[in-house]
Amino acid sequence: MAEYILKIEDLRLNFYTYDGVVRALDGVYLNLRRGETLGIVGETGCGKSVTGLSILDIVLPPGRIEEGKVLFTPRKRSIDMLSTREAIVRRIRGEYISMIFQDPRSALNPVYTAGDQISETLLVHKRKEELIKRAIERMDEKIKAGKAGFLTKYYKGIYQRMLSNPSALSLQIISRIPILRWYKRILNEEAKKEAINMLRIMRIPDPERVVDMYPHELSGGMAQRVVIAIALACNPEILIADEPTTNLDVTVQLQILRLIKELKDKFASSIIYVTHDMGIIAEMCDRVAVMYAGNVVELSGVSDIFKRPLHPYTQGLLQAIPRSGVPFKSIEGTVPSLIDPPKGCRFHNRCNYAMDVCAKVKPKAVEVEKEHFVECFLYK
């Protein structure tokens, strides 16, 4: 078993806009261990969310991944998500790596019920075989009990084919033959039962009613729970949570955070948690990557980041947190435009410790202490 289940190496991503090329990610390096929660923190626009999208290779135009590797290691063999065949990547998405998107309203399809959207994930991925088996067992029981009517008599050959290879049946055939329409109805009923069970795990009251509700009928907290249910339906090995509590009130935020922690233990998933809130990082994460203007400037355990931050930007982030008895101090300057980013270290024009080399050469990550990496010329 590999120590790391996911590795990101030299990831570079650009957005091609009318104003120019936005260099959103400039050589990102990250790694995720099995069973841990890795936080990604930074200002708005620093590249946190597009890093998560790049892992699944779902960056939409005008964005384009220029180079780099995303190595997913479910067992012994690593798979590069950015260079492997699309059919393999589509199977990995949802089944092995899932994502909780930032806005549940835009993540859910408004014309399908909550149950339909959870069921779709179950039927597309690995739970499909389990549901097919259960559906055929129900059909077999009804046939043996003589409750199937004329269907068995006239379509006995097709039924035997279903038993031998149920996955090979096309939707076109199902729509024309009565026994297969019956099979499809039973299969959907089994998927709906599983969807109700997922909603119950999400602690949604009255899941039997909610499963038939459309997204506009759900509150913000319920919609977010449905999105989490979709993400966890296939027990993924990696869960990417992209600021899942941003648009929720404080009480619901706490409930969602507790739910994610409990589900991580229940499903034994590794989590990448994207946020701009250092309080959530302290509560949720084992390690944290601090991002600034498309770069991971510091990577370490959570306690080390709070006790001994090394990069000047990390120090500035922590000083900007309002605390009792500690003077508030903001980071001077503004976030640079990524269309024309500063050369060398992208933080040097806001840094109190900047040297001549900082404006000329981009620093490389160095391990200052055990498993504490920082991109800064202050540490050689």
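This is a predicted model: local features need pLDDT of at least 70, side-chain atom pairs count only at pLDDT 80 or more; totals for chains, interfaces and linings use all residues.

Trainee: What describes two packed helices?

Mentor: Two packed helices are described by the angle between their axes together with the distance between those axes. Here helix α4, residues 114–124, packs with helix α11, residues 220–232, at an angle of about 20°, and their axes are 8 Å apart. Angles under 35 degrees count as roughly parallel, so α4 is roughly parallel to α11. The crossing in which α4 passes α11 is right-handed.

Trainee: Which residues of α4 and α11 make the contact?

Mentor: From α4 the contact takes A114, Q117, I118 and T121, and from α11 it takes V226, A229 and I230. Sorted by class, this contact of α4 with α11 holds five nonpolar residues, two polar ones and no charged ones.

Trainee: How do the axes of α11 and helix α12 cross?

Mentor: The axes of α11 and helix α12, the latter covering residues 250–267, cross at roughly 15° and come within 11 Å; α11 and α12 are therefore roughly parallel to each other. Their crossing is right-handed. On the α11 side the contact is made by G221, Q224, R225, I228 and L232, while α12 contributes V252, Q255, I256, L259, I260, L263 and F267. By class, the contact of α11 with α12 has eight nonpolar, three polar and one charged residues.

Trainee: What is the volume of the largest pocket, and which residues lie nearest its centre?

Mentor: The largest pocket has a volume of about 850 Å³. Its lining is made up of 23 residues, and those nearest the centre are G94, F101, E120, T121 and I230. The elements giving two or more residues to the lining are α2 (86–95), β6 (97–100), α3 (104–107), α4 and α11, and α4 gives the most, with five residues. The lining divides into 12 nonpolar, seven polar and four charged residues.

Trainee: What should I expect of phi and of peptide bonds when I read a backbone?

Mentor: Most residues other than glycine have a negative phi, and most peptide bonds are trans. In this model the peptide bond from P61 to P62 is cis, with omega near 10°, and P62 is placed in the loop between α1 (48–55) and β4 (63–72). R203, a residue other than glycine, has a positive phi, near 65°, and R203 is found in the loop between α9 (178–201) and α10 (207–210).

Terms used:
Residues are numbered from 1 along each chain as its sequence is written. Side-chain values use heavy atoms; hydrogens and water are left out. Axes are lines fitted to C-alpha atoms, for helices over the stretch in contact, and angles run from 0 to 180 degrees between N-to-C directions. Helices (H or I, at least four residues) and strands (E, at least two) are DSSP runs, numbered from the N terminus. Angles under 35 degrees count as roughly parallel, over 145 as roughly antiparallel, 65 to 115 as roughly perpendicular and the rest as oblique. A crossing is left-handed if the near helix is turned anticlockwise from the far one by less than a right angle, and right-handed if clockwise. Contact means heavy atoms within 4.5 Å. Ala, Val, Leu, Ile, Met, Phe, Trp, Tyr, Cys and Pro count as nonpolar, Asp, Glu, Lys and Arg as charged, and the others, Gly among them, as polar. On a 1 Å grid over the protein atoms alone, a cavity is a set of points where a 1.4 Å probe fits but cannot get out, and a pocket is an open set with protein on both sides within 12 Å along at least five of seven lines; lining residues have an atom within 4 Å of a point. Grid points are joined across faces, edges and corners, and a volume is the space filled by probe spheres set on the points.
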